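Thanks for making the time; I would like to walk you through one structure this morning. Please have a look at it first, and then I will go on.

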Amino acid sequence: MFFSTLLFGLVLGGTYALVALGLTLQYGISRIMNLAYGDLLIAAAFLTMLGFTSYSVLPPIAMLLIVPLGFVFSYLLYLFVLRPLVRRAENRAALEIDSILATFGLLFVMQGVMLLIFGGNIFGYSWLDNAVDLFGVRIATNRLLALALAILLALGLYLVVTRTRLGLALQAVANRPESAPLVGINVEQVAAYAFALGGAMAAAGGVAFSMIQTFTATSGTALTLKALVIVIMGGVGNLPGALMAGFALGITETFVAAFIDPGLTLAATYGIFLLVLLIRPNGLFGKAAG
Amino acid sequence: MSMLEVKGLAVRYGRHEALHEVSINVAEGETVVILGANGAGKTSLMNAIAGRVSPFSGSIRFLGEEIDDQPSHDRVEAGIALVPEGRGIFPGLSVRDNLKLGGYPKRARENAGSTMERVLTLFPRLAERLDQLAGTMSGGEQQMVAIGRAVMSAPKLLMLDEPSLGLAPIVTQQLFGDLERVRQAGTSMLVVEQNVRAGLKLADRGYLLTAGRIVREAAAADLQGDPDVSRAFLGGLEDAVH
């Protein structure tokens, strides 16, 4: 029972981590609090479902198309909707308020479009839901695949951030945006890439999510909130922090559901969140200042 | 031809005029020091050249090209590197990453490896601490990181804003020894300094900036012990209180 719960927790945590990685890129580096983040994820989930049920495109194959789509969509969104806000914002607080308002509007547009197309039902599809035996635990193949995809994508992002020129620029902007132009970094350009990369992670998260969960046209809001909780727990802009916090939350939720009461998972999530805010406001892995 | 040519530069913050009709130039291979008391406008001048503040009027030419409309990151690409007051390093990144970021401009990438070697020879202390977070180092070491990072961009013009600020006298002495070696390597430099003696010792030529105006220009040797210079610093103290 313990081991199977841990395994389920890892699967859930992997998706959470993936989702939070994208949001921490957008919030920590582009300085955009994107309230429509979860809706992009759900849009990707719908696309995956549509591809699978109507055109028999397997989800991992669909991912190859949907992830670049998420990147391009988010890049254009930044360029045409958010960059004007960045340019006119006098300080970080002003940008935060403007971006929250703008993406709050976007959230309703996206949910409206999805409601219009799909209606208010619960959706999902079954693919590879046969159980396999792993160390004595019976677990659905699609869950293992979702975990593997999450780990693979997180690893890929880690390599991009630590091994590439863009990654170094991302780290510089996350650490001290005002110092980045001193070394020739075009902060606006890097912010656009970070936002787009975050959108790509959301799309990837959506594909993985659709493989293991059912969803509705309005599921995005809860996902945004959960991702935000993880981002703050991990420390805003802190990628390893988001990864660890994502897994921690997934494992906590499954343990609370298995050993205490499934109805308490949300309460547990926000309980931990409150505790972190009170004791470590910069996140579990955040630095004291700077 | 001058490498850097600033003509009739004015910088205003609201109604306060920080710089008034300032004209200076720096020739290829030359080291120029700007002397002036607190509040004389030295930092405004550096920031205007680096593109961190927009001038109210006047023009800035670098290598014969007008750069007034270029954003600051493009000026770095063109060959101007600024070590600002307060250093502007990335405290949360390692010394290695700070230096690597110095080599971010396209122009600097090709020889990044050999430039890194040069920087580490110049500042052996940094070589021992490549993996340390830059923010956890002492003030003098952070200044080394900032200068090393600027050198990494293979600048044609290296600008330093108050490099000795907050450093112990012995550390300042060491730092100016290091800068002397950068100068000998042929890099043009524009240095703002309150430490008049150290600044004049390093420079070929100097300008005296008082209350936003250039009041004197002379060879560094001629400015040493000049009564105008000492008076400017005493007068500057009054100007500093806006």
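This is a predicted model: local features need pLDDT of at least 70, side-chain atom pairs count only at pLDDT 80 or more; totals for chains, interfaces and linings use all residues.

Residues are numbered from 1 along each chain as its sequence is written, chains are lettered from A and ligands numbered from 1 in the order in which they are written, and side-chain values use heavy atoms, with hydrogens and water left out.

Now the interface. Taking contact as heavy atoms within 4.5 Å, 17 residues of chain A are in contact with 21 residues of chain B. The two chains bury about 1,800 Å² between them, 64% of it on carbon and sulfur atoms, where buried area is the accessible area (1.4 Å probe) that two parts lose on being put together, summed over both. On the side of chain A, Arg165(A), Leu182(A) and Val183(A) lose the most area to chain B, together 39% of what that side buries.

How many salt bridges are there between chain A and chain B? The count is 0, with a salt bridge defined as a side-chain nitrogen of Lys or Arg within 4 Å of a carboxyl oxygen of Asp or Glu.

One open sheet has 4 strands in the order β2-β1-β4-β5 (chain B), with antiparallel pairing. Because β2 (16-27) and β5 (65-66) of chain B each have a single partner strand, they stand at the edges, and one side of each is left without a neighbour in the sheet. Strand β4(B) is joined to β5(B) by 2 bridges, and Phe62(B) has Glu65(B) as its bridge partner.

The other open sheet has 6 strands, in the order β6-β7-β8-β3-β9-β10 (chain B), with mixed pairing. Its edge strands are β6 (80-83) and β10 of chain B. Within this sheet, β7(B) and β8(B) run parallel, joined by 5 bridges, whereas β9(B) and β10(B) run antiparallel, joined by 6 bridges. The latter two form a hairpin with 2 residues between them, and Ala211(B) in the turn has a positive phi of about 45°.

Notes
Two strands pair if DSSP finds at least two bridges between them.
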